[in-house]
Amino acid sequence: MDTDLILLEQFIRKHPMQATRKTEELEEEEIAALIEGIPAELAVQLVNLMNVYKAAKCLRLIKPGLTAEILEKSDIQKTELLVRQADEDFRSDLLDRLSPKLSEALRQKLEYPAHSVGALMAPVGFLLQEDVSAQSAIEALKREKSRIASSVCVVNREGALTGIIRLHDLLLADETDEIAAVMKTDVPKFSADWPVESIKSHPGWYDNRSIPVVDDSDKLVGMINFETAQQYGAETDGELARHVLETGNALGELYRIGLAAFLQSVSK
């Protein structure tokens, strides 16, 4: 392997924030060449730390298969922000290249404004119908145990949220009881259209780590957890703090020199 490339990879692993800042000083075509020249896991690291607007421009210049691989391995919130920056045709092509599960989740998120609850919500995962018996519900829970939280959302046959049942209450229920008879109906819920800032101090967080998200027809469309809601909007401050703490300007200069040498070799 080329010595310059080895040094670049080592620097990215040890000093990701500095490597990202130096990389962002390059032209989009040069960044694309770097992304294609390093291992995919390092490309994911760089893209996730880069300015969203610039990262999105660079992703359009690299091989489509690699773009899809990077997005698959990135945090879904970062992926959603990157996809939002793409024009309609490129976005459609990207979504078609992604796995069905991720593509479906992103398409749903993209229906809502970037600063809304719907844009940050996670897929629902496991849920229960209100008219099934407690015994049937427990059997279903056993089959899906890896995806179960301490409480489960309950919907009617139209998919509208009707309540939440806690696993403790379900296990203590009579086997023949319908879920509707033992679930909790007075539960907090957020509209997917609401701005994220409006839910940060919601009293529902005192008793719930995750809260259901519904659309205009009250249909359950996702879940949003406390950590996601609180972290929204703090990324810029957090990144600034990391920049202040990051040291080693001399190493950063060596990285810049290595980048130049690598790009020069690529262009030959």
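User: How many nonpolar, polar and charged residues are in the lining of the largest cavity?

Analyst: Rolling a probe the size of a water molecule over the atoms shows where empty space is left. The lining of the largest cavity has 8 nonpolar, no polar and no charged residues. Ala, Val, Leu, Ile, Met, Phe, Trp, Tyr, Cys and Pro count as nonpolar, Asp, Glu, Lys and Arg as charged, and the others, Gly among them, as polar. On a 1 Å grid over the protein atoms alone, a cavity is a set of points where a 1.4 Å probe fits but cannot get out; a pocket is an open set with protein on both sides within 12 Å along at least five of seven lines; lining residues have an atom within 4 Å of a point.

User: Which residues line the largest cavity?

Analyst: The lining is made of Ala56, Leu59, Leu71, Leu82, Val83, Ala86, Phe90 and Leu94. Helix 5, helix 7 and helix 8 each give two or more residues to this lining. The space in the largest cavity is about 40 Å³, a volume being the space filled by probe spheres set on the points, which are joined across faces, edges and corners.

User: What kind of model is this, and how are its residues numbered?

Analyst: It is a predicted model, in which local features need pLDDT of at least 70 and side-chain atom pairs count only at pLDDT 80 or more, while totals for chains, interfaces and linings use all residues. Residues are numbered from 1 along each chain as its sequence is written, and side-chain values use heavy atoms, with hydrogens and water left out. The protein has 16 helices and 6 strands; helices (H or I, at least four residues) and strands (E, at least two) are DSSP runs, numbered from the N terminus.

User: Which residues of helix 7 are buried?

Analyst: Buried means under 20% relative accessible area, exposed over 50%, and partly exposed in between (1.4 Å probe, protein chains only). In helix 7 (residues 76-85), the buried residues are Lys78, Thr79, Glu80, Leu82 and Val83. Their cover includes helix 4 (40-49), helix 5, helix 6 (64-73), helix 8 (88-97), helix 9 and helix 10 (117-120).

User: Is leucine 95 buried or exposed?

Analyst: Leucine 95 has 5% relative accessibility, so it counts as buried. This residue is found in helix 8. Apart from neighbours within four places in sequence, leucine 95 is in contact (heavy atoms within 4.5 Å) with Val83, Ser103, Leu106, Arg107 and Leu110.

User: At what angle do helix 3 and helix 5 pack?

Analyst: Two packed helices are described by the angle between their axes and the distance between the axes. Helix 3 (residues 28-37) and helix 5 (residues 52-59) pack at about 70 degrees, with axes 9 Å apart. That makes helix 3 roughly perpendicular to helix 5; angles under 35 degrees count as roughly parallel, over 145 as roughly antiparallel, 65 to 115 as roughly perpendicular and the rest as oblique. Axes are lines fitted to C-alpha atoms, for helices over the stretch in contact, and angles run from 0 to 180 degrees between N-to-C directions. Glu28, Ile31 and Ala32 of helix 3 meet Lys54, Lys57 and Cys58 of helix 5 in this contact.

User: Where does aspartate 218 lie?

Analyst: Aspartate 218 is in the loop between strand 5 (210-214) and strand 6. Although not a glycine, aspartate 218 has a positive phi of about 70 degrees.
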